[in-house]
Amino acid sequence: FRDVTAHRRSHEVLQKLSKAVEKTTDAVFITDATATIEYVNPAFEATTGYSRDEAIGQKPSILKSGRQEPGYYERLWKSILAGEVHAGTLVNRKKCGELFHAEQTITPIRNGAGHLGNFVSVMRDVTELKRGQEREVEARLARTVQQKLYPTRSPELAGFDLAGAAVPADHTCGDYYDFVPMEDGRVAIVVGDVSGHGFSAALLMAETRAYLRSLVGSSTDLDEILRQLNVFLCDDTEDERYVTLLLAILDPARRSLIFSSAGHIPGYVLDPSGGPRRVLESTGMPLGIFSDAEFPASPEIPLAEGDLLVMLTDGATEAQSESGDFFEAESVLGVVRRERRHGCAHIVRELQRAIEEFTAESPQRDDITAVVGRVKG
């Protein structure tokens, strides 16, 4: 008899390793010293599309995409023939022709005589991870660019205090607010909301801003500004996209304003006590739906010292608590009423804080934008 304990233990370890390699989600393939494939696991078949029978006897070059930088494979072979482990990320090609990014580690295995006998390659498909990282970088860049589209500071307008802010639900924002000086001394105040949010909504927001600034610079007729803006957006928007927009033109000389609203939620003119003096209701349908839509302007609204202008997007009024309750317009006006003796920038910050407290741990579901203005003495 002879002691076979060590042999049995070694056999058990090999069985466990074999099962682990067969079950792992990483693609594993083993080649001989001439780089001919001798073994592939099921994950290799799933990742590459090559069956075991198709892969065995072939060279790993069946996965080559031709997308690697010059000298990559030369460096790879130099390292593994020297007995070093090679690790890198490369672009491979599946049997169907589809490209995929793979993190790959190649380990040289020496035989009993110390010669290189096999190469073990472990490969992980990281295509979705790479795409996610690229989208994250693009989103951060888009956010940086978009933030530059918002007013860097409120306009200094004699007899008025103005402030605004936008809080995106995503990296980028479909909400829009702006203060646009007009040639006749008036100021256009705009708050808009592109349907949905995220990157595509942000692109449409940027386009709306560009069109509107151009139109305000060339026309003083509020009805015509929105009519032309609607025609432009109808040509450019997809069927499921539209823009709601409240445009108010403030006249500091006359201490008055007029407005037109393309399907936007109501804005408010509040008296010095915080009570509603005028509700700025919608005067037309959202932009980008029907090219022949009309957007009639309101009659002139006189303003008195202490009056407040409040313009919002529905991300503020429809912010939800953990229990599913909405913040609603009355809560917004309550914050403005409570803080009305402070500057408009303070009111906007307090409104944001109140919404954050109300929603607590609930995720922000929509972009939130608010503009507040006051008539000073």
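**Note on pockets, cavities and charged pairs in a predicted model**

1. The lining of the largest pocket is made up of 13 nonpolar, seven polar and two charged residues. The structure discussed here is a predicted model, and every value below was computed from it. The volume of this largest pocket comes to about 350 Å³, and among the 22 residues that line it, Pro 60, Tyr 73, Leu 76, Gln 104 and Ile 106 are the closest to its centre.

2. As to where that lining comes from, at least two residues each are supplied by strand β1 (27-32), helix α4 (72-81), and strands β3 (86-93), β4 (99-110) and β5 (116-125). Helix α4 provides the largest share, which amounts to five residues.

3. The second largest pocket has a volume of about 260 Å³. It is lined by 16 residues, of which Gly 315, Ala 319, Gln 364, Asp 366 and Ile 368 are the closest to its centre. Two elements give two or more residues to this lining, namely α8 (314-317) and α10 (344-359), and α10 gives the most, with four residues. By class, the lining of the second largest pocket holds five nonpolar, six polar and five charged residues, whereas the lining of the largest pocket has 13 nonpolar, seven polar and two charged.

4. The largest cavity contains about 60 Å³ of space, and its lining consists of Phe 160, Leu 162, Leu 250, Val 269, Leu 303, Asp 307, Leu 308, Leu 309, Gly 373, Arg 374 and Val 375. Strands β6 (160-167), β14 (308-312) and β15 (368-375) are the elements that give two or more residues to it, with β15 contributing the largest share, three residues. The lining of this largest cavity divides into eight nonpolar residues, one polar and two charged.

5. The second largest cavity holds about 50 Å³ of space and is lined by Ala 165, Val 167, Val 348, Leu 351, Gln 352, Ile 355, Ile 368, Thr 369 and Ala 370. Here β6, α10 and β15 each supply at least two residues, and the largest share, four residues, comes from α10. Which classes of residue make up the lining of the second largest cavity? There are seven nonpolar and two polar residues, and no charged ones.

6. Ser 256 lies in strand β10 (residues 256-262) and is classed as buried because its relative accessible area is 3%, the cut-off for buried being under 20%. The side chain of Ser 256 makes a polar contact of 2.6 Å with the side chain of Glu 300.

7. Apart from residues up to four places away in sequence, Asp 193 touches Gly 174, Asp 175, Tyr 242, Val 243, Thr 244, His 264, Thr 313, Asp 314 and Asp 366. Asp 366 is also one of the residues closest to the centre of the second largest pocket. Between Asp 193 and Gly 263 there are 70 residues of sequence separation, and their C-alpha atoms are 10.0 Å apart.

8. The count of salt bridges comes to 16. In one of them the side chains of Glu 22 and Arg 52 meet at 3.5 Å, N to O, and the pair links distant parts of the chain, since Glu 22 is in helix α1 (residues 5-23) and Arg 52 in helix α3 (residues 52-55), 30 residues apart. Glu 22 is partly exposed at 25% relative accessibility, and Arg 52 is partly exposed at 27%.

9. Arg 75 forms a salt bridge with Glu 69, with the closest N and O atoms 3.3 Å apart; Arg 75 is partly exposed at 45%, and Glu 69 is partly exposed at 41%. Glu 330 forms a salt bridge with Arg 337, with the closest N and O atoms 3.6 Å apart; in this pair Glu 330 counts as exposed, at 52%, while Arg 337 is partly exposed, at 26%. Finally, Asp 178, Arg 209 and Arg 213 are linked in a network of salt bridges.

Key. Residues numbered from 1 in each chain as written. Predicted model: local features only at pLDDT ≥ 70, side-chain atom pairs only at ≥ 80, totals over all residues. Heavy atoms only, no water. 1 Å grid on protein atoms, 1.4 Å probe; cavity = no way out; pocket = protein on both sides within 12 Å on 5 of 7 lines; lining within 4 Å. Points joined across faces, edges and corners; volume = space filled by probe spheres on them. Nonpolar A, V, L, I, M, F, W, Y, C, P; charged D, E, K, R; others polar. Buried < 20%, exposed > 50% of the residue type's maximum accessible area, 1.4 Å probe, protein only. Polar contact = N/O pair within 3.5 Å; in protein donor to acceptor, adjacent residues only side chain to side chain. Contact = heavy atoms within 4.5 Å. Salt bridge = Lys/Arg side-chain N within 4 Å of Asp/Glu carboxyl O.
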